[in-house]
Amino acid sequence: MPVFWIFVIITGLAAAGYVLGRGRALASAGGDQRNLHSLPSYYGSNAAIFTFVPAFLILLIWLVLQPIFISLTVQANIPDSVVPEGSTIGLVMSDVRRLADGLDTAVSQGVITDDYARSVRVDLTDIRARLGEAGVALGSNLTSEIMIAAQRFRSMTNTGNLIKTIVVLLIALGGLGYALSRTQKDFRARNTVEATVRVLLIVAASIAILTTIGIVLSLIFNTIEFFFLYPIGDFFGSLTWSPSFGGGSDLGVWPLLWGTLYISVIALLVAVPIGLFSAIYLSEYASPAVRSVAKPMLEVLAGIPTIVYGLFALLTVGPMLVDAFGDDGYLGLGWMQGGTAVMTAGLVMGIMLIPFVSSLSDDIINAVPQAMRDGSLGLGATHSETVRQVILPAALPGIVGAVLLAASRAIGETMIVVLGAGAAARISANPFDAMTTITAKIVSQLTGDADFASPEVLVAFALGMTLFVITLGLNVFALYIVRKYREQYE
Amino acid sequence: MTDATAGQPAARPRREKTSLLTQDGRTKRRNAAETRFKIYGIIAISIGLLFLMGMLITIISNGSRAFTQTFITMEVTLDEAVLDKNGNRDLADIRRVSTFGYAPLINAALENKVQDLGIETLLEDGAAMRAIMSASAAAQLRDYVLSNPDQIGETVEFQFLASSRVDGYLKGRVTRESIARDRNISSAHLLLIDDLMEQGTVERSFNLGFITGTDASESRPEQAGIGASMIGSFFMMLVVLALSLPIGVAASIYLEEFAPKNLFTDFIEVNISNLAAVPSIVFGILGLAVFIQFAHLPQSAPIVGGLVLTLMTLPTIIISTRASLKAVPPSIRDAALGVGASKMQSVFHHVLPLAMPGILTGTIIGLAQALGETAPLLLIGMVGFIASEYPDGFVGGFLDPNSAMPAQIFEWAKRADPAYYERAWGGIIVLLVFLMTMNLIAIILRRRFERRW
């Protein structure tokens with residue numbers, strides 16, 4: 001039975017449990033609500049929770065564990081001789097899985113019968129052609145061992161699914177029975193329900209932790225695997241980046257890191273002055289009318305998706321810069337070879353960061369106590385002198401924090417650099433050269449067709465790890481500074 | 001701050017006695033500095049607003065062209081001898097005629113049309129002229145015949161898409177110089193188009209196909225539409241809404257109302273604030289490693305995209321939900337507890353309903369962010385998948401491979417044909433219209449329902 005229907009059935013049982021539990025509680029109190037410990041709906045909810053939650057949890061755990069268990073069992077039965085030279089058992093297993101899926105598709109489309117799928121032998125029939133009719137394409141090496149493994153895989157999956165259906169439904173029914181058997185007028189239903197809800201709330205809050213753990217684990221495991229295939233010293237030591245999927249790649253992180261930092265610096269050079277001056281003007285000079293128009297307008301820039309900025313860089317800013325700085329440009333400088341360059345991506349990313357810098361700085365400037373302004377103005381300083389000599393020094397730690405947060409944004413930005421910065425990894429000082437970044441290379445290494453176990457693909461996880469560590473460090477440091485500063489005036 | 005007082009009193013400049021009404025040089029300089037400083041601020045804001053305007057103008061001027069398309073109107077005779085040799089209108093027989101079989105009909109129709117209108121052209125026959133029409137014309141004809149087999153033998157008027165070169169010529173993207181080395185079209189074709197245009201056979205009109213249609217192959221930009229990926233985005237947003245709203249609200253309630261001050265709570269708080277700043281591409285790596293490699297969910301499926309975006313939006317929703325829970329004054333809680341409600345009842349019956357407008361506003365803004373997010377979708381395979389078919393059914397909408405709007409725009413931006421750039425800008429207009437609507441709803445919700453205590 002498909003998972004969806006199991007889910008529908010246990011939801012239905014839970015709904016029935018609600019009605020039954022409520023009715024049973026009322027009946028035990030002789031129909032008079034006042035004789036109950038809790039409100040009637042709590043008895044209903046109690047029955048529903050006992051029906052649904054354990055069954056649903058078991059279903060989830062089963063869904064995660066069954067494929068792992070079956071894979072391990074089937075894998076243990078595949079003889080080593082089946083694994084071709086240069087391949088791994090993992091690749092053979094993905095063939096097995098694909099074949100099993102293919103048989104399932106073919107059976108569901110009625111091209112072959114279930115019995116046929118169970119008993120077919122590769123050496124006797126042309127299963128490839130039969131599956132082709134169902135629109136299933138198979139990998140190159142289809143040996144009888146793989147077929148036997150796939151059939152075992154299918155039969156174990158089918159048995160597992162059957163047991164799963166029975167177990168989950170039994171648990172749902174059992175939970176329902178147990179909850180109903182406890183339902184009578186003195187049962188403290190509210191306390192039970194509230195305790196359960198509280199646990200559910202804690203679980204929801206823990207998802208943030210689970211996500212972080214998920215990120216860290218998925219990065220770490222693949223990064224370690226990468227460093228088994230490729231020496232860690234070369235990754236952090238080499239100055240060239242030239243992946244070749246045939247092998248013998250040079251995967252040094254420095255050209256990418258250089259591109260990333262160069263673009264981020266240009267972006268900050270654009271965003272920080274504009275953002276900071278906008279914030280100062282809006283919070284210190286602008287009339288309420290100007291402020292109420294200009295501030296939301298600037299914040300529109302923050303709401304525009306990064307793909308739009310990327311397209312803007314690729315199709316508008318890039319060609320514009322080439323017109324000015326290119327070989328035939330009207331400035332006649334010949335600095336720029338193509339539209340994609342560090343400058344293109346940096347400028348556009350700077351525009352994207354303006355509202356980020358300005359709204360953070362705005363908050364921080366507004367947090368400087370009015371008494372400091374009044375004191376400075378009272379001594380005869382002009383408004384700008386007050387801003388420069390009193391407000392900015394007081395707000396400096398917060399502004400530094402805001403700039404660091406913006407820097408972490410810039411380093412992690414993907415779409416603008418994928419579209420605007422080019423694909424060539426190089427270390428060069430010319431900001432009009434095409435360079436590439438960590439994020440752009442994560443995308444290009446993971447979206448290719450290469451084999452997932454090769455260092456050229458796995459390097460993306462090492463790059464992701466580098467990125468994660470850098471941005472996390474910047475964020476923690478920036479938040480620390482901002483928080484420390486805030487306490488100063490509170 | 002001590003520098004001002006540390007100066008030597010002896011060096012104090014002697015001031016001449018002047019009127020307060022005339023400014024001395026120093027005051028003038030200070031006032032000039034003041035004005036300059038103010039102007040810097042105005043310049044900074046103007047630059048920011050200028051960028052915004054520039055972007056909007058670029059988007060609108062480039063993208064609005066994608067909403068019109070060139071169509072060629074002509075009458076096609078659905079020849080029975082070609083389409084249904086046996087003459088029994090058996091669908092199985094008709095289906096056997098491939099799109100290649102339909103091409104001669106179109107060639108003949110085109111040739112007839114040109115002759116009827118009395119247009120002189122250098123092109124000798126219909127087959128040569130057909131470069132002005134989209135390659136999709138034959139498929140369009142075949143679909144029509146398959147759904148109306150009784151029309152075989154009749155002459156029916158059709159509106160076919162013109163080829164993307166012709167469309168580009170009429171929109172000014174393709175010029176006579178630029179096609180000099182183009183094998184697909186020659187200047188004779190463009191002359192023919194000019195004549196047909198005069199006769200009203202070729203015209204540019206609103207292209208609904210761009211909004212509702214599916215993506216097309218690389219060589220047929222005129223046929224590509226954003227409809228299928230819109231559906232993909234819709235199903236992704238359903239997943240995000242269904243997961244992130246309940247989980248986000250539950251997590252915020254726990255952290256704001258119940259959590260004791262201990263290490264575990266602190267740890268959750270630190271995690272949430274860090275997750276909010278993790279680059280989106282890292283969430284893509286997480287999705288690839290956990291949902292696709294580990295859990296074997298189907299690649300390119302909206303459900304995977306939805307799960308990844310849920311994890312991404314959760315911090316946003318949690319932060320805004322906590323803010324609106326915090327805004328509900330403690331007197332409400334105290335009053336509820338005072339009349340005998342349990343802690344849980346006071347939260348769920350009183351605090352949560354009052355905080356709901358704020359929570360919904362935050363959720364809509366989080367959804368808008370998720371809708372425009374591209375980078376994680378690249379890694380789970382939503383780019384590179386050509387969404388040339390609509391998903392079938394409700395479950396298929398979640399599990400069938402599909403694209404999403406921003407992924408589709410990226411896909412178009414990567415293609416070589418400039419005709420696709422126009423489509424990408426057009427796609428951005430559609431995306432921005434959705435985002436603006438969502439933000440407007442959020443603003444209206446806030447204005448209408450938010451309570452100031």
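Guide: In what follows, two residues are in contact if their C-beta atoms, placed from the backbone, lie within 7 Å of each other. The model discussed here is a predicted one.

Visitor: Which helices do the buried residues of α12(B) pack against?

Guide: The residues of α12(B) that are buried are B:Ile268, B:Asn271, B:Ile272 and B:Leu275. Because they cover an arc of only 95° around the axis, they lie on the same side of α12(B). The packing partners of these buried residues come from both chains, namely α7 of chain A together with α11 (227–258) and α14 (302–327) of chain B.

Visitor: Which exposed residues sit on the face of α12(B) turned away from its buried side?

Guide: The buried side of α12(B) is the one that carries B:Ile268, B:Asn271, B:Ile272 and B:Leu275. On the face turned away from that side, the exposed residues are B:Leu263 and B:Asp266.

Visitor: How far apart are the end C-alpha atoms of helix α12 of chain B?

Guide: This helix covers residues 263–275 of chain B, which gives 13 residues, and at 1.5 Å a residue it should therefore span 18 Å. The distance between its end C-alpha atoms agrees with that expectation, being 18 Å.

Visitor: Which helix gives the largest share of the side of chain A that touches chain B?

Guide: The contact takes 68 residues from chain A and 66 residues from chain B. On the chain A side, the residues divide into 44 nonpolar, 21 polar and 3 charged. The largest share of that side, 20 residues, comes from the helix spanning residues 189–229 of chain A, which is α7.

Visitor: Which helices are included in what covers the buried residues of α1(A)?

Guide: Helix α1 of chain A, residues 3–28, has 26 residues and reaches 37 Å from its first C-alpha to its last, close to the 38 Å expected at 1.5 Å a residue. Its buried residues include A:Ile6, A:Ile10, A:Leu13 and A:Tyr18, and among them are also A:Arg22 and A:Arg24. What covers the buried residues of this helix includes two helices of chain A, α2 (40–77) and α6 (144–182).

Visitor: Which strands of the open sheet in chain B are the edge strands?

Guide: This sheet has 3 strands in the order β2-β1-β3, with antiparallel pairing, and its neighbouring strands are turned by 40° against each other on average, direction ignored. Between β1 (residues 68–77) and β3 of chain B there are 5 bridges, and B:Ile72 stands opposite B:Val202 in β3(B). An edge strand pairs on one side only, and in chain B the edge strands are β2 (155–161) and β3 (202–206).

Technical notes. Residues numbered from 1 in each chain as written. Chains lettered and ligands numbered in written order. Predicted model: local features only at pLDDT ≥ 70, side-chain atom pairs only at ≥ 80, totals over all residues. Pairing = 2+ DSSP bridges. Helix = DSSP H or I, 4+ residues; strand = E, 2+ residues; numbered from the N terminus. Axes fitted to C-alpha atoms, helices over the stretch in contact; angles between N-to-C directions. Nonpolar A, V, L, I, M, F, W, Y, C, P; charged D, E, K, R; others polar. Expected span 1.5 Å × (residues − 1). Buried ≥ 20, exposed ≤ 12 C-beta atoms within 10 Å, placed from the backbone. Arc of directions from axis to C-beta.
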